[in-house]
Amino acid sequence: NNNKFYAIQLLEDDNAPRFYTYTRWGRVGERGQDKTFGPYSTGMAAMAEFCKKFNDKTGNHWEDRANFSKRGGKYDLVDMDMMDTDDTASKAAASTSGSTSDASPAVKVEKEASKMSTELQRLIALISNKDMMVRTMKEFEFDASKCPLGKLSKQQIKRGFAVISQISDIVEGKVQMSASARRDALCDLSSQFYTIIPHDYPRSVRPPIISDSGSVKTKIRMLEAL
């Protein structure tokens, strides 16, 4: 597993009838390199370049992506959640308020004291603590802030669960195979897992093979936290 990504985007200029195909590639956790093709005068021309790149990198046709099949030596397709995140919404709100020179004075809002018990307030604060969530994910070698692809979709996470389930069956001895076949299967499935759920490992560190019950449980907890 080379722990690499390749992103392709089709872009439209907001101010003119110009279209571009944008690509970015590199190692997960790093900015990587990028290249822009265009401008094109029509969306169809930019789309043709997009489809060509998609086919070159995956061995699949974009028009038939519903039947996507992973090809050896090619990139897999990662399903992303394109919904706006809370951070994006906050940045947009901050930008809007900051650009308005004649904005009305801020209105001070008095907060009513909570009627919940102190213990319950602490529990809710702990559950909704984003910093703690980020720290927890980093303990699993998964840094969402460095993931070049953004937030993974629920479908993508389900794919991760499916692979880790197969690994678990082999580790627990539910699948009978020779030692060499077991090693090869765990190596292949681990590679699949890291492809489906991108991890942020340093260049000097090769993603480890998931080969024991402790590692399986750690990955399951990570998926549950996503």
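In what order do the three strands of the open sheet lie, and with what pairing? The order is S1-S2-S3, and the pairing is antiparallel. The model is predicted: local features require pLDDT of at least 70, side-chain atom pairs count only at pLDDT 80 or more, and totals for chains, interfaces and linings use all residues. Numbering starts from 1 along each chain as its sequence is written, and side-chain values use heavy atoms, with hydrogens and water left out.

The chain holds seven helices and three strands. Helices (H or I, at least four residues) and strands (E, at least two) are DSSP runs, numbered from the N terminus. Read from the N terminus, the elements follow the pattern β-β-β-α-α-α-α-α-α-α. Of the 226 residues in the chain, 27% are buried. Here buried means under 20% relative accessible area, exposed means over 50%, and partly exposed lies in between (1.4 Å probe, protein chains only). The accessible surface of the chain is about 15400 Å², and carbon and sulfur atoms account for 52% of that surface. These areas come from the Shrake-Rupley method with a 1.4 Å probe; for residues, only the protein chains shown count as cover. A contact requires heavy atoms within 4.5 Å. Among contacts between residues at least 6 apart in sequence, 51% join residues at least 24 apart.

The sheet has two edge strands, S1 (4-12) and S3 (33-40), each of which pairs on one side only. Two strands pair if DSSP finds at least two bridges between them. Neighbouring strands are turned by 10 degrees against each other on average, direction ignored. Helix H1 (residues 43-58) packs on this sheet and touches S1, S2 and S3. The direction of H1 makes about 170 degrees with that of S1. For such angles, axes are lines fitted to C-alpha atoms, for helices over the stretch in contact, and values run from 0 to 180 degrees between N-to-C directions.

S1 and strand S2 (residues 19-27) run antiparallel and are joined by nine bridges. Phenylalanine 5 has glycine 26 of S2 as its bridge partner. Glutamine 9 stands opposite tyrosine 22, also in S2. A hairpin of six residues links S1 to S2. S2 is mostly covered, with seven of its nine residues buried. On the S3 side, six bridges join S2 to S3, again antiparallel. Threonine 21 has phenylalanine 37 of S3 as its bridge partner. Five residues lie between the strands in the hairpin of S2 and S3, where glycine 29 takes a positive phi near 100 degrees.

Asparagine 3 lies in the segment before S1. At 4% relative accessibility, asparagine 3 is buried. Beyond its neighbours within four places in sequence, asparagine 3 contacts Gly26, Arg27, Val28, His199 and Tyr201. Asparagine 3 and histidine 199 are 196 residues apart in sequence, yet their C-alpha atoms are 7.7 Å apart.

The largest nonpolar core has 21 residues. Such a core is a set of buried Ala, Val, Leu, Ile, Met, Phe, Trp, Tyr and Cys residues joined through side-chain atoms within 4.5 Å. Ile164, Ile167, Phe193, Ile197, Ile210 and Leu223 touch the most other members. Helices H5 (154-171), H6 (179-196) and H7 (213-225) each give two or more residues to this core. Leucine 223 contacts Ile157, Gly160, Phe161, Ile164, Phe193 and Ile197, leaving aside neighbours within four places in sequence.

Four salt bridges are found in the whole structure. The criterion is a side-chain nitrogen of Lys or Arg within 4 Å of a carboxyl oxygen of Asp or Glu. One of them joins arginine 18 to aspartate 13 at 2.9 Å, N to O. Arginine 18 is partly exposed at 36% relative accessibility, whereas aspartate 13 is buried at 18%. Another links aspartate 56 to lysine 52, with the closest N and O atoms 3.2 Å apart. These two residues are separated by about one helical turn, because they are four residues apart in helix H1. Aspartate 56 is partly exposed, with a relative accessible area of 34%. Lysine 52 is also partly exposed, at 47%. Lysine 174 and glutamate 172 form a further salt bridge, their closest N and O atoms being 3.3 Å apart. Lysine 174 is exposed at 58% relative accessible area, and glutamate 172 is exposed at 51%.
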